[in-house]
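Me: I am new to this one. Please take me closely through one part of it, then show me how its surroundings are packed.

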Amino acid sequence: MPVPSKAELYRRLPSVDELLQSHDLTRLISSEGQAAVTDAARAVLAKLRAEIASARLGASEVDLARSGILAAIERQVRQLATHSLRSVINATGVVLHTNLGRAPLAASALDHIRDIASAYSNLEFEVETGGRGKRDVHVDRLFRKLLSQGLASGGSFNGRSGRATPEISTIVVNNNAAAVLLALNTLAEDGEVIVSRGELLEIGGSFRIPDVMAKSHATLREVGTTNRTRVGDYEAAISEKTRLLLRVHRSNFEMTGFTGQPAIAELAALARTRGIPLVEDLGSGSLFDLRSVGVDGEPGILDSLRAGVDVVSYSGDKLLGGPQAGMLSGRSDLVARMRSNSLFRALRVDKLTYAALEASLLAYVRQDHGAIPVLRMMRLSKDEIGKRAEALADQARSLSLRMEIIDGESVLGGGAAPSAVLPTRLLALSLDDVTAGELSARLRTWDPPIVTRVEESRVLLDLRTVFPEQDEVVSRALRELAG
Ligand SMILES: *Cc1c(COP(=O)(O)O)cnc(C)c1O
C-alpha cells in the first residue's frame with residue numbers, strides 16, 4: 001500500500017464545521033458557548049496539522065487521532081473554563097510560604113472585601129461633605145492608633161521623648177519592594193544613600209538592593225565590610241551628597257562568626273545629629289510581639305520606631321498577616337513627601353487591598369490576634385499539633401503506609417530570619433515500594449493539592465500550617481494511600 005502523502009493526511013482531518021455539527025459538540029456548545037468550542041476545535045486541528053507537517057504523525061496515527069478529536073476538544077474547553085489559580089493545603093509548616101501565597105487572610109478581611117468590592121464605596125469620597133476624599137485615610141487612622149499609641153506607651157520616637165502622641169503617618173503601596181523604591185526615589189534622588197556592605201542582599205524574585213537603588217536614581221555608597229560595619233564607617237562616608245542612611249533587614253540569611261553592625265539606636269543617633277533621615281527596610285514588619293511565641297531577634301515595627309528610625313518599610317502579607325502591600329510608616333513630613341511623589345500614584349493599591357488591610361488592622365486594634373490566621377498558626381503549641389497528627393495517623397495507618405510522629409521545626413519564612421523557627425510535631429510517612437518523592441507527588445495530585453516536605457526519604461507533614469477544618473481532607477487522602 002502506498003504511503004499517503006501529507007496532503008492526503010490533511011484531507012483525512014475533519015473540518016471545523018463538520019466537528020461543530022457533531023452531536024457531542026452541540027451539547028458542549030450549549031453549556032460552554034459557541035466561541036469557546038470553535039476556538040478549541042481550531043486549536044486541536046492546528047496541533048494535528050502541525051504534527052503532520054513535521055512528520056510526527058503518520059497514517060495510522062492520524063486515524064487514531066481522528067477518533068480522539070472530540071475528547072481533545074472537550075478537554076481543552078474544560079481546561080480553559082476552570083481556574084488555574086486554586087487553593088492548596090500547605091502541610092510544609094512554612095507559615096509565610098511565598099510560593100503558596102504567603103499570608104492567608106482573616107475571615108473578617110474576606111467579609112470586608114466582599115462588602116466593599118461587590119458595591120460602590122467611599123474609597124475616595126467624604127460622606128459628610130460630599131467632597132473628594134483620600135483613599136489612604138481608611139487605614140492611616142488605624143496605623144496611627146496602633147503605632148502612635150504604642151510609641152506613647154513605650155518611650156520616645158526619633159529622640160523626641162516626652163511628646164504625648166508622636167505624629168506617625170503611613171502610606172500603602174503595592175508591595176514592600178515598591179515601598180523601598182518610593183522611599184529611595186523620594187528622599188534620595190540624585191544623591192547618595194549609605195548602606196552597609198553586609199546588607200546588600202537579594203530577596204527571592206530578584207529584588208536586589210543595588211538594582212532598586214539604581215532604578216530610584218539614588219547612588220549607593222557602600223560602607224564597612226561584608227561581615228563588619230561600625231557607626232564610624234557611616235560617619236566617615238557622610239558628605240554634602242548624602243541624602244539617607246539605609247538599614248536593610250537581613251531577611252533570608254544570617255551571618256555568624258566575626259561579625260558586627262551598629263545597633264539601630266546608634267545609627268539613629270548619628271542620623272539625628274547630622275540631620276539625615278534613617279530609613280529601615282524591615283521586610284517582615286510585625287505588629288505582634290514574637291517573643292510571646294518564643295521567637296527572638298525579629299524586630300517589630302514599634303521596636304524600630306522606638307529606636308529612632310525615621311521611616312520603616314514592611315510587607316502587608318508577611319508577619320502582619322494581611323494582603324500583599326508595602327507600608328511606609330514614620331515621620332509625617334517625610335511620608336507626606338513620598339505621598340506627593342508621582343510614583344506613589346503608579347504604585348497605589350486598590351480597594352480590595354484597603355478593605356483587607358483595614359479589617360486585619362481592626363483585629364490588631366481589638367487585640368484579637370486569634371483572628372489573624374498566621375498569628376493563630378504561630379501560637380499553636382507543639383502538643384496541640386501533635387494531637388492532631390496522632391488522630392490522622394490512627395485513622396489511616398496500615399501495613400504498607402507507615403506513620404510516625406516526630407519532633408521537628410516549623411519555619412516562619414517570608415523574610416523572617418532562617419533561625420526563626422517554632423518547635424512542632426511532624427507526621428512522617430513512608431509507603432512500601434514508593435519513593436518519598438513519588439509519595440509527595442501523589443499528595444500533590446489530590447484535590448485540593450497537599451504540599452509537603454520531603455526529608456531523608458520520608459514525607460513530612462506539619463499540621464501547624466494546615467487549617468484544622470482541612471484535617472479531614474488530609475485524612476481522606478492518607479486513607480486512600482493506605483488502602
Ligand atoms: C520580603 C522583603 C522585601 C520584599 O517585600 P515584598 O512585599 O515581597 O515586595 C524587601 N526587603 C526585605 C528586607 C524583605 O524581607
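**Around the ligand**

Reply: Start with the ligand. Its surroundings are R102, N175, N176, A177, I203, F207, H249, S251, D281, G283, S315 and K318. Keep in mind that this is a predicted model.

Take D281: an N or O atom in its side chain is 2.7 Å from a nitrogen atom of the ligand. Now S315: here an N or O atom of the side chain is 2.7 Å from an oxygen atom of the ligand. Then K318: an N or O atom in the side chain of K318 is 2.8 Å from a ligand oxygen atom.

Next, helix packing. Two packed helices are described by the angle between their axes and the distance between the axes. Take helix α7, residues 137–153, and helix α15, residues 351–365. They pack at about 25 degrees, with axes 9 Å apart. α7 and α15 are therefore roughly parallel. The crossing of α7 past α15 is left-handed. On the α7 side, the contact includes H138, R141 and F143. The contact residues divide into ten nonpolar, one polar and three charged.

A second pair is helix α3, residues 23–32, and helix α5, residues 59–81. Their axes come within 11 Å and cross at roughly 10 degrees. So α3 is roughly parallel to α5. D24, L25, L28 and E32 of α3 make the contact with L70, I73, E74, V77, R78 and A81 of α5. Six of the contact residues are nonpolar, none polar and four charged.

Methods. Residues are numbered from 1 along each chain as its sequence is written. This is a predicted model: local features need pLDDT of at least 70, side-chain atom pairs count only at pLDDT 80 or more; totals for chains, interfaces and linings use all residues. Side-chain values use heavy atoms; hydrogens and water are left out. Axes are lines fitted to C-alpha atoms, for helices over the stretch in contact, and angles run from 0 to 180 degrees between N-to-C directions. Helices (H or I, at least four residues) and strands (E, at least two) are DSSP runs, numbered from the N terminus. Angles under 35 degrees count as roughly parallel, over 145 as roughly antiparallel, 65 to 115 as roughly perpendicular and the rest as oblique. A crossing is left-handed if the near helix is turned anticlockwise from the far one by less than a right angle, and right-handed if clockwise. Contact means heavy atoms within 4.5 Å. Ala, Val, Leu, Ile, Met, Phe, Trp, Tyr, Cys and Pro count as nonpolar, Asp, Glu, Lys and Arg as charged, and the others, Gly among them, as polar. A residue is near a molecule or strand if one of its heavy atoms lies within 4 Å of it. A polar contact is a pair of N or O atoms within 3.5 Å; within protein, one must be able to donate a hydrogen and the other to accept it, and residues adjacent in sequence count only if both atoms are side-chain atoms.
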